[in-house]
There are 2 protein chains.
Amino acid sequence: MHQFLSDLDGAGDVVVDPDVLASYRADQAAPGLLPAGTPAVVVRPRTTAEVQAAVRAAARHRVPVVPRGAGSGLSGGANAIDGCLVLSTERMVDVVELDAPSLLARVQPGLVNARLGEAARAEGLWYAPDPASYEFSTIGGNVATNAGGLCCVKYGVTRDALLGLEVVLADGRAVRLGRRTRKGVAGYDLVSLLCGSEGTLGIVTEATVRLLPPAPTSATLAASFASLGDAGRAIARITRQTIPAVLELMDRTTIAAVERMAPQGLDADVAVLLFARSDLGGAAALDQVDRIAGWCEQEGATLTVTTDEEAEGRMLMAARRLAYSALEREGATLLDDVGVPLGKIPALLEGIERIAEREAVLIGTFGHAGDGNMHPTIVYDPHDPDAVTRARAAFAAIVALTLELGGTVTGEHGVGLLKRDALAAELGPAHDVHRAIKRALDPENLMNPGKGI
Amino acid sequence: MHQFLSDLDGAGDVVVDPDVLASYRADQAAPGLLPAGTPAVVVRPRTTAEVQAAVRAAARHRVPVVPRGAGSGLSGGANAIDGCLVLSTERMVDVVELDAPSLLARVQPGLVNARLGEAARAEGLWYAPDPASYEFSTIGGNVATNAGGLCCVKYGVTRDALLGLEVVLADGRAVRLGRRTRKGVAGYDLVSLLCGSEGTLGIVTEATVRLLPPAPTSATLAASFASLGDAGRAIARITRQTIPAVLELMDRTTIAAVERMAPQGLDADVAVLLFARSDLGGAAALDQVDRIAGWCEQEGATLTVTTDEEAEGRMLMAARRLAYSALEREGATLLDDVGVPLGKIPALLEGIERIAEREAVLIGTFGHAGDGNMHPTIVYDPHDPDAVTRARAAFAAIVALTLELGGTVTGEHGVGLLKRDALAAELGPAHDVHRAIKRALDPENLMNPGKGI
């Protein structure tokens, strides 16, 4: 241990204070339900060379490395392992380059998503990926989980904004992957391979991201439905005919929770609220949400409201933004992140209602109707062992239902520790191929072992 | 050899007729400039099980496997190796499933891109990727090269339309990678890893692709510029402010070739023609191309024409569609496929003009201004050894210039045989990581050996 610590010379700020170490044990996933060890040491490098020094020392002493951004992950991907080295990117926060004519930026991994957004805006540009955590999550964490968000129904997920990476591999080598160009097929797409790999293949020390022209002005729709079926048919009709900039939903349980926290005057008999935004600009934006409103009405919407006033649009969307906070006020939450093919959204929502009834748990569902990625949120009393058991049973049942519907066990939060069994069920025989990739790049299994694949 | 052939029982149609074998030697890349061997056998399976039987027999006898779609590749990726097994997907042409409510299709790899387009249209949907070869190239080939096209500036490349793959690996295992959902982060992104891997990691036996709502009606712009600099500034101005559905250019050499083949009345003093299309629909589409026309005029365009009439729009774009055919009529062609960051397009075009002058060769450049992927096309007399030498020198100089500008040696055609040296120059130390992935999935180096990475 003493030799390990002295080998960390050159790895930047090295922390062994037990109180500080304790604050690096877990991320934001299902508190208390997932294992979280105590690290032997936390390092906070500022440069790629310091990251390399840390990884080389860890490799020499066979110490597992757990990379950590903001610690805002929801699957336990950043949870520590007893005796590990936690590599925090919190001091790697620079915008290294912003090349406006080429619409790209190079940034360090610890930069918060919103800070990159500000840097882009200062040049009249836009960084599109907008996970709900954008005000505190980091680009490195976004890359590690391939984070989604609200606008990805039109503009794609983190991977779609990623052009290149600098990565420190398990043996301490630093390599550049990908490119600075929009398109490119030279060699394998290792940028996509690393994106979403949850720190199990290497540590991102720099990301080259694509910027976009700013989206034009917006228009907004909110529509209410008295049944899941009506809402499901409306979603199917919308997605087959147009691509909105945002298409979100929340169910009756979530609506009720929002209403308890911050009364919006939402009807108690509403089964689903659907929200859409258009960013086509001017009259075209209002026209797009008006067409969406028409389809909603034809499928039985009980109320539709459209606006091209930004302030009014924000008010319409307010209930959706409060969804998770409102459910969190009702008890401990187990936040799920399943995805189904678009045509299976109604079957998923109906199945979740049945599971909630059968297991006698409260499940509020909200999520991304435009891409089928839903967040059923199980609310339970953490001090009641029976309630915990039922919450876990409901969670497992939702995952099983998702797989039956041809879906995926995680749409944007990652596997981490939370979804490892579910992952095995989803991948089947292909799991071996994933493991072969892991062995090829991390033969000693030192990079975030036991997480992700 | 006899044992190998009898082990191919169960691999579908097996061909050993030398005349037929000869027709499977090469793809469409630089005829005569790249090695093309003679296969020992061609198999034309219809099912995944038949592909597995072929790959297993090849593995048993250590025979290299060269997969082949339409043979329309432009980098030699499908060129045969002496004594190899060519696995042609020409009989695997089924649309296995078209799930319209979920906006997805599952297809066999030999299906021609345009046939998938028709199947989608029959359901009121759209398959976006549109390589210039879409009327004859196959989905399997599009996946193997991660093919681009005109509309990828807004809608992405083949990878962006790809949700899942069934792949037969080097040992004959068939595995399903990816998913049926729009988003998903369960396990590594092996679909993206396989996409663009040029048959070196496995053989695609089925692809699950994402369909989109049909794009609304279009409007079109053509603009002419008297200098590369003016055109470059106009492109920069456009790409920083809006995302058109198409943004293409052609240079003076290409314009002259088109004019010789099919006179369009194009001015001889035009340095660059720029084309843009909007698919925002109705008035918004015309408004978008009118705004683009305004920026072009402010940067010195000598003429701009916009229209929302589809027939007129097609006429405006006709010159661009004729670009490569027109250059091919001038001699043998060496078609390049380099990509630079958007801001470097003017420097690339200026550099190519200098190279053409220095090497005394004709180089016509056309390509995708919206993503920086350019196709400088060197026209030469194949019977003049000195001309061939100068053409090769010009080709190498363009690749070197591209790397100096921070670009990539192939934007959408693939590495194949044509760009292997260039690839090594681009990847540098990261090349080892690519090779480690290849070894992990194909330890005997039997899948399209000597191609791609």
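Colleague: Which residues of helix 4 of chain A are buried?

Modeller: In this predicted model, helix 4 of chain A spans residues 113–121, and its buried residues are Asn113(A), Ala114(A), Leu116(A), Gly117(A) and Ala120(A). They cover an arc of only 155 degrees around the axis, and this is why they end up on the same side of helix 4 of chain A.

Colleague: OK, and what do those buried residues pack against?

Modeller: The buried residues of helix 4 of chain A pack against strand 5 (95–99), strand 6, helix 5 (139–145) and strand 9, which also belong to chain A.

Colleague: Let's stay with strand 9 of chain A, then: how many of its residues are buried?

Modeller: Strand 9 of chain A runs over residues 203–210 and is mostly covered, with seven of its eight residues buried.

Colleague: And which way does strand 6 run against strand 9 of chain A, parallel or antiparallel?

Modeller: Strand 6 of chain A, residues 104–107, is antiparallel to strand 9 of chain A, and four bridges join the two; in one of these pairings, Leu104(A) has Arg210(A) of strand 9 as its bridge partner. Strand 7 of chain A, residues 162–168, also pairs with strand 9 of chain A in the antiparallel sense, over six bridges, and there Leu162(A) stands opposite Val209(A).

Colleague: Zooming out, what domains does chain A have?

Modeller: The domain assignment divides chain A into domain 1 (2–88), domain 2 (95–210), domain 3 (215–323) and domain 4 (331–442).

Colleague: How many residues are in contact between domain 1 and domain 2 of chain A?

Modeller: In chain A, 15 residues of domain 1 are in contact with 16 residues of domain 2, while the C-alpha centres of these two domains lie 22 Å apart. The size of an interface is often given as the accessible area lost when the parts come together. For domain 1 and domain 2 of chain A the buried area is about 1100 Å², and carbon and sulfur atoms give 65% of it.

Colleague: Switching to chain B, in what order do the strands of its open sheet come?

Modeller: The open sheet in chain B has four strands in the order 1-2-4-3, with mixed pairing. Strand 1 (13–15) and strand 3 (65–68) of chain B are at the edges with a single partner strand each, so one side of each has no neighbour in the sheet. From one strand to the next, the twist averages 20 degrees.

Colleague: Which strand pairs with strand 2 of chain B in the parallel sense?

Modeller: Strand 4 of chain B (residues 85–88) pairs in that sense with strand 2 of chain B (residues 41–44), over three bridges, and Val43(B) has Leu87(B) as its bridge partner in strand 4.

Definitions and conventions. Residues numbered from 1 in each chain as written. Chains lettered and ligands numbered in written order. Predicted model: local features only at pLDDT ≥ 70, side-chain atom pairs only at ≥ 80, totals over all residues. Heavy atoms only, no water. Buried < 20%, exposed > 50% of the residue type's maximum accessible area, 1.4 Å probe, protein only. Pairing = 2+ DSSP bridges. Arc of directions from axis to C-beta. Contact = heavy atoms within 4.5 Å. Axes fitted to C-alpha atoms, helices over the stretch in contact; angles between N-to-C directions. Domains from an automatic or database assignment. Buried area = accessible area lost by both parts, 1.4 Å probe.
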